[in-house]
Amino acid sequence: MKKVFTHDRKQSFDVGKIVCVGRNYMDHIKELGHQAEEKPVLFLKPTSAMIYSGEKIIYPSFSSNLHHEIELVLLVGKTITNATLEEANDAIIGYGIGLDMTLRDLQNQAKDKGNPWTISKCFDTSAVISDFILKEDYELNFEETISLKVNGEIRQKETLNKMMFKPDELVSYISSRMTLEEGDLIFTGTPSGVSGLNKGDKLEGEITNVAKIETEIS
Ligand code: MG
């Protein structure tokens, strides 16, 4: 069973499922040539894909276009089904930062054929996760900046208020389609600036006041 930890390492949570949201920042939707959706686009990652900040991403041999997607990650703290916005907000107990690593070549092939994105999103090391700050210690005001540097250069940077669906809306909607449980993680989508990586690249992500993450491609 994979776990996530609070910043002070005093608490841990067994991770259930990892639900990911696609197309949640307009500039990123445009850079990939898509249209905004009326409902969030959802997909899953298995917990076997998870690694922690400080561990290395393994570039899969079966792809030649590995992309970074830096994202706010929500920690769910209770079981909810068909949650109202208020119940959804209540069920979010912590925030972290994560990398939704994506094999863009395989994802584009899948999109063209109308097939699921699974093999482009679920490979080992494709979900890099920070420690979490509990909401009781810090509540988001959405003025926070999310950013990612590759080899010291900024590639992605945006304020969280540019999210089209906010955390409570995402969690409410997801809970109307599948029950959410304690320890589930929600990747909330990436801002623009996604790009290809090479072996040896060093990645550093941050959400101000919330969490930091670092990893390397090997
Ligand atoms: Mg993503």
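Which residue in S17 is the bridge partner of Leu203? The legends below, all drawn from a predicted model, take up this pairing and then turn to the other close-up views.

**View A. The pairing of strands S16 and S17.** In S17, Leu203 finds its bridge partner in Thr215. The two strands concerned, S16 (residues 202–207) and S17 (residues 211–217), run antiparallel and are joined by six bridges. Asn209 is found in the loop between S16 and S17, and its phi is near 70 degrees, a positive value in a residue other than glycine. With a relative accessible area of 56%, Asn209 is exposed, because the threshold for that class is over 50%.

View B. Five strands, in the order S6-S17-S16-S13-S14, make up an open sheet with mixed pairing. Its edge strands are S6 (56–57) and S14 (153–159), each of which pairs on one side only. In general, strands of a sheet pair through backbone hydrogen bonds, either parallel or antiparallel.

**View C. Asn151 in the loop between S13 and S14.** Asn151 has its place in the loop between strand S13 (145–150) and S14, and phi of this residue is near 50 degrees, again a positive value in a residue other than glycine. Most residues other than glycine have a negative phi. The relative accessibility of Asn151 is 47%, so this residue counts as partly exposed.

**View D. The protein donors of the magnesium ion.** Glu69 (OE), Glu71 (OE) and Asp100 (OD) are the protein donors of the magnesium ion and lie 2.0 to 2.1 Å from it. Along the chain, the donors follow the spacing E-x1-E-x28-D. Because Glu71 lies in strand S8 (residues 70–76) and Asp100 in strand S9 (residues 92–100), the pair ties together parts that are 29 residues apart in sequence. Glu71 has a relative accessible area of 0% and is therefore buried, and Asp100, at 0% relative accessibility, likewise counts as buried.

View E. The structure holds one cavity of 30 Å³ or more, and the volume of the largest cavity is about 100 Å³. Its lining consists of 17 residues, of which Gly22, Arg23, His28, Glu69 and Trp117 are the closest to the centre. The elements that give two or more residues to this lining are strand S3 (18–22) and helix H3 (104–113), with H3 providing the largest share, three residues. Sorted by class, the lining has seven charged, six polar and four nonpolar residues. Glu69, one of the residues closest to the cavity centre, is also one of the protein donors of the magnesium ion.

Notes
Residues are numbered from 1 along each chain as its sequence is written. This is a predicted model: local features need pLDDT of at least 70, side-chain atom pairs count only at pLDDT 80 or more; totals for chains, interfaces and linings use all residues. Side-chain values use heavy atoms; hydrogens and water are left out. Donors are N, O and S atoms within 2.8 Å of the metal (3.2 Å for Na, K and Ca); water is not among the atoms, so sites may look incomplete. Helices (H or I, at least four residues) and strands (E, at least two) are DSSP runs, numbered from the N terminus. Buried means under 20% relative accessible area, exposed over 50%, partly exposed in between (1.4 Å probe, protein chains only). On a 1 Å grid over the protein atoms alone, a cavity is a set of points where a 1.4 Å probe fits but cannot get out, and a pocket is an open set with protein on both sides within 12 Å along at least five of seven lines; lining residues have an atom within 4 Å of a point. Grid points are joined across faces, edges and corners, and a volume is the space filled by probe spheres set on the points. Ala, Val, Leu, Ile, Met, Phe, Trp, Tyr, Cys and Pro count as nonpolar, Asp, Glu, Lys and Arg as charged, and the others, Gly among them, as polar. Two strands pair if DSSP finds at least two bridges between them.
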